[in-house]
Amino acid sequence: MAFRRRNKSYPFFSQEFLIQNHADIVFSLVIFILIGLMFEVRYRFNHEIFQWHYGWRDWATILFYFFITIILHAVVQEYVLDKVNRRLHLSKSKNTKFNESGQLCVFHLVSSVWSLYILITEGYLFHPSSLWENYPHVHLRFQVKFFYLTQLAYWLHALPELYFQKVRKEEVPRQLQYICLYLLHISAAYLLNLSRVGLVLLCLQYLSEMGFHIARMFYFTDESHQKMFDVWAVCFVFTRMVTLTLMFLAVGFGLARAENQGLDWDLGNFNTVLIRMTVLLLVCLTQSWLLWKFIRFQLRRWREFRHEQASRKRVAAKQTPRPLKRDSLGQHENGVIKAENGASPRPKKIKAP
């Protein structure tokens, strides 16, 4: 990536220079950090399973993987999506949306498989009661903590990518909405020690979003591919139902019956009525907003389908041949009047004067 050819060269530290070379600049910063990590630092460890909890030092890890995700974003864009775009010859607007769906499809695939693996290995998938039992879940296994930090790093990196990818101004508010929503929900699950419930919800959400972006990419390649959106619609409604059911079961009933009720910052316990109701309200509002957008999307698809069907009928009506005009005696053919059965009519006898 750092040695790819450039079509144009821009002045140093100009806007075009930063946009074109942002991945190489970040790659240099990552190399500098890795060189610093090569120095040996010794620790004494016991032969135990280490568990971790969050702290202010997490920002250093998030910043490092923030740079890594920028590099990976550029790699996927150049070596995968750009090659596909050259073959498809899409328009500029479709090309931008195709790249967005391609990037998110790769991320959702990796994150959904990763979260599903954690749910299986940690035993949360086959023991649903473990999602709220023994709360607060302050100490995390390394793979759980690492998953949350990389999730925060990815969605934080999506903010400067709006500038690097030259996203249109009318598209920026839409993308800022779901970026901020992901950051808010992931941060809340991580800081409120609801990491187990958050893993399940993120896995479901990423699977649903991956289906949408796959259907979107197929649609851009061939607009006749509409069936994928129908499959995604079923998965979307199922995801919303499971999400609401799980949140009311874990937060509304599970944590409400726990013994350790109260607010304790030192122990990381946030099991109070106010916090539980706030979390449920946040999730319900988000799911309602997603359902509203889903209904609007389906109505727009239905209108486009009806408009397309009406235009096809009008075109077919114009192309149908018109029938020949017939008079009361029969029909004209080569200037000769013929009857209905194809025989020529008898000539009238003219009376002699």
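Tutor: A residue is called buried when its relative accessible area is under 20%, exposed when that area is over 50%, and partly exposed in between, with a 1.4 Å probe and protein chains only as cover. By that rule E171, at 16% relative accessibility, counts as buried. The model is predicted, so local features are taken only at pLDDT of at least 70 and side-chain atom pairs only at pLDDT 80 or more, while totals for chains, interfaces and linings use all residues. Residues are numbered from 1 along each chain as its sequence is written, and side-chain values use heavy atoms, with hydrogens and water left out.

Side chains of opposite charge can pair when their charged atoms come close. Here a salt bridge is a side-chain nitrogen of Lys or Arg within 4 Å of a carboxyl oxygen of Asp or Glu, and a search of the whole structure finds seven of them. E171 takes part in a salt bridge with R168, where the closest N and O atoms are 3.7 Å apart, and also in one with R174, where the N to O distance is 2.7 Å. R168 is partly exposed, with a relative accessible area of 40%, and R174 is partly exposed as well, at 27%. Through shared partners, salt bridges join E100, R168, E170, E171, R174 and R216 into one network.

Because R216 lies in helix α6 and E100 in helix α3, the pair ties together parts that are 116 residues apart in sequence. R216 is buried, with a relative accessible area of 12%, and E100 is buried with a relative accessible area of 12%.

Helix α5 covers residues 172-191, and its 20 residues should span 28 Å at 1.5 Å a residue, which agrees with end C-alpha atoms that are 28 Å apart; the expected span is 1.5 Å times one less than the number of residues. Buried in α5 are Q175, Y178, I179, Y182, L183, I186, A189 and Y190. They cover an arc of only 140° around the axis, which puts them on the same side of α5, the arc being that of the directions from the helix axis to the C-beta atoms. These buried residues pack against α2, α3 (92-122), α4 (142-164) and α6 (195-221), where contact means heavy atoms within 4.5 Å. Just after α5, N193 takes a positive phi of about 60°.

T243 counts as buried at 5% relative accessibility, and, leaving aside neighbours within four places in sequence, T243 is in contact with L201, L204, V283 and Q287.

For the protein as a whole, there are eight helices and four strands, in the order α-α-α-α-α-α-α-β-β-α-β-β along the sequence. Buried residues make up 37% of its 353 residues, and among contacts between residues at least 6 apart in sequence, 72% join residues at least 24 apart.

Technical notes
Helices (H or I, at least four residues) and strands (E, at least two) are DSSP runs, numbered from the N terminus.
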